[in-house]
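Here is a walk through one structure, going from charged pairs to a metal site and then to helices and loops. Have the view open and follow along.

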Amino acid sequence: MLLPVKRSFAIAFLCTSFAIGQPATFAASDWQIIKVNGHDYLSVDNVSRFYGLPAGVAAAGDKIRLETVSPLEFVSGSREAMINGARSWLCFPLVEQDGKFLVSRTDVAKTIEPLVRPHRVPNVGKIQTVVLDPGHGGHDKGQVSRYGYEKDFALDVARKLRPLLQAKGLRVIMTREGDYFVPLEVRAQIANAARNPIFVSIHFNGTNDDPNATGFEIFSFTPRGAPSTSDSAVALSSFNMQPGSEVDAQSMALSACIYHSVLGHIPEYDRGIKRARFAVLRLTKVPAVLIEGGFLTERGECKLISNKDWRGELAAAIGVGIENYRGLGVRKQPPMLVADYRKQTKSAPIEPVIQEGKSKEANSAPTEPVIQEGQLKEADASLISLVGKSKFVSPQQTSTPSQRTSLESDVIVP
Ligand SMILES: [Zn+2]
């Protein structure tokens with residue numbers, strides 16, 4: 001059930017809609033930073049007005065709405081959110097104070113911004129090489145199921161994906177070609193030595209805790225000063241920090257592109273876009289994600305994963321996501337979202353989407369930008385002034401290495 005505050009967001013959005021075509025009115029002073037225990041927060045209403053997107057907040061303990069009406073859906077007291085129709089995990093829980101719902105400044109800059117506007121992420125989409133990393137190998141079987149090992153399924157998905165990417169003119173490097181173990185640091189070194197690479201690690205999930213656990217999830221590296229999604233203590237533990245990647249925002253954009261495509265093509269449960277400090281994500285210095293393509297410990301999903309045609313669909317969906325990521329740098333427009341893919345697959349059955357020549361999604365109209373171009377400059381300027389130049393780099397200022405370094409050089413706490 002939604003709280004009454006939902007209505008005011010809807011009204012705020014309507015006002016924004018009527019204002020389209022007029023000069024942007026969102027000034028830096030419109031960001032109202034609210035301190036909670038010394039940390040910086042912004043109201044959900046404030047964020048909603050900035051992006052011109054309606055937002056909803058469910059009461060603490062309530063389930064998030066899945067039949068999402070609003071592009072931004074939060075739950076009071078929770079890190080769970082729905083952003084553009086996919087579950088996305090905030091670094092810090094939503095706080096309620098004086099009748100206002102507040103989201104951490106870190107999440108506005110590090111989670112919401114790259115997920116809502118991945119096409120505005122500095123240097124996004126510039127790729128020549130895709131480093132495919134099939135998880136495990138050799139003595140390390142990964143998850144063991146009645147139908148086979150994770151290491152073999154992951155390798156097969158990578159093998160199916162390679163020619164699809166090559167057909168799009170991308171160079172593909174595999175961290176392993178067969179059934180042998182490659183140390184995690186070597187996998188990262190391979191990625192770091194490649195030319196304009198992205199790193200995509202392919203795994204399947206498993207758990208001893210819940211035999212019914214299912215679904216897809218994708219990880220990128222946890223931002224500096226923030227807890228990982230699986231950390232239950234989110235306050236003090238986050239001060240035990242490791243340096244965040246310079247390419248946090250690019251990795252989030254890559255996560256979003258791949259995840260929306262995978263979820264949009266294959267209707268498995270949406271576990272969400274998450275953060276972790278897995279070794280391969282920590283050691284790679286390039287945009288990097290780790291995808292978990294379902295649970296080998298759940299009967300139904302295990303059966304799907306063991307089916308080579310299904311693995312072909314998964315490979316194709318990852319490929320479309322990678323192609324969408326590359327498109328961000330070319331088209332400077334938002335990528336296709338889960339709802340766009342579902343509309344597409346309703347009218348045409350799922351098929352290997354990357355073929356020679358143009359990809360399917362390149363021919364269809366991309367999702368409309370949420371804010372008009374004239375408004376974007378103003379909006380960016382005010383977001384930069386909010387989070388500080390050293391912590392958030394505008395698209396125009398991003399190419400110098402010194403600024404890329406400074407993006408991560410400061411500690412960010414909410
Ligand atoms: Zn694994």
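Arginine 117 counts as buried, because its relative accessibility is 1% and the cut-off for buried is under 20%. The model here is a predicted one, so keep that in mind as you click around. The salt-bridge partner of arginine 117 is glutamate 113, with the closest N and O atoms 3.0 Å apart. Glutamate 113 counts as buried too, because its relative accessibility is 3%.

Side chains of opposite charge can pair when their charged atoms come close. How many salt bridges are there in this model? The count comes to 15. Three of them are laid out below.

| Salt bridge | N to O distance |
|---|---|
| Arginine 117 and glutamate 113 | 3.0 Å |
| Aspartate 179 and lysine 151 | 3.1 Å |
| Lysine 308 and aspartate 309 | 3.9 Å |

Take the bridge between aspartate 179 and lysine 151, at 3.1 Å from N to O. This pair ties together distant parts of the chain, 28 residues apart: aspartate 179 sits in the loop between β12 (171-174) and α5 (184-193), while lysine 151 belongs to helix α4 (residues 150-166).

Lysine 308 and aspartate 309 make a bridge of 3.9 Å, N to O. Here lysine 308 counts as exposed because its relative accessibility is 52% and the line for exposed is over 50%. Aspartate 309 is exposed as well, with a relative accessible area of 53%. Elsewhere, salt bridges with shared partners join Lys35, Asp40 and Arg105 into one network.

Isoleucine 34 is found in β1 (residues 34-36). The C-alpha atoms of isoleucine 34 and arginine 105 lie 9.4 Å apart in space, although the two residues are 71 apart in sequence. Which residues does isoleucine 34 touch, leaving aside those up to four places away in sequence? They are His39, Asp40, Tyr41, Ser43, Gln97, Lys100 and Leu102.

Now for the metal. The zinc ion is coordinated by His136 through NE2, Glu150 through OE and His203 through ND1, at 2.0 to 2.2 Å. Along the chain these donors follow the spacing H-x13-E-x52-H. Histidine 136 counts as buried, at 17% relative accessibility. Glutamate 150 also counts as buried, at 2%.

On to the helices. Two packed helices are described by the angle between their axes and the distance between the axes. Helix α6 (residues 248-265) and helix α10 (residues 338-347) pack at an angle of about 35 degrees, with 8 Å between their axes. Their crossing is right-handed. From α6, the residues His260, Ser261, Leu263, Gly264 and His265 meet Val338, Tyr341, Arg342, Gln344 and Thr345 from α10. By type, the residues of this contact divide into three nonpolar, six polar and one charged.

Helix α2 (residues 44-51) is mostly covered, with six of its eight residues buried. Those buried residues are Val44, Asn46, Val47, Ser48, Phe50 and Tyr51. Just after α2 comes glycine 52, whose phi is positive at about 65 degrees.

A positive phi turns up at two asparagines as well. Most residues other than glycine have a negative phi. Asparagine 84, which is not a glycine, has a positive phi of about 55 degrees. You will find asparagine 84 in the loop between β5 (80-83) and β6 (86-89), and asparagine 84 is buried, with a relative accessible area of 16%. Asparagine 196 is not a glycine either, and has a positive phi of about 40 degrees. Asparagine 196 is in the loop between α5 and β13 (197-205). With a relative accessible area of 41%, asparagine 196 is partly exposed.

Terms used
Residues numbered from 1 in each chain as written. Predicted model: local features only at pLDDT ≥ 70, side-chain atom pairs only at ≥ 80, totals over all residues. Heavy atoms only, no water. Salt bridge = Lys/Arg side-chain N within 4 Å of Asp/Glu carboxyl O. Buried < 20%, exposed > 50% of the residue type's maximum accessible area, 1.4 Å probe, protein only. Helix = DSSP H or I, 4+ residues; strand = E, 2+ residues; numbered from the N terminus. Donors = N, O, S within 2.8 Å, 3.2 Å for Na, K, Ca; no water. Axes fitted to C-alpha atoms, helices over the stretch in contact; angles between N-to-C directions. Left-handed = near helix turned anticlockwise from the far one by under 90°. Contact = heavy atoms within 4.5 Å. Nonpolar A, V, L, I, M, F, W, Y, C, P; charged D, E, K, R; others polar.
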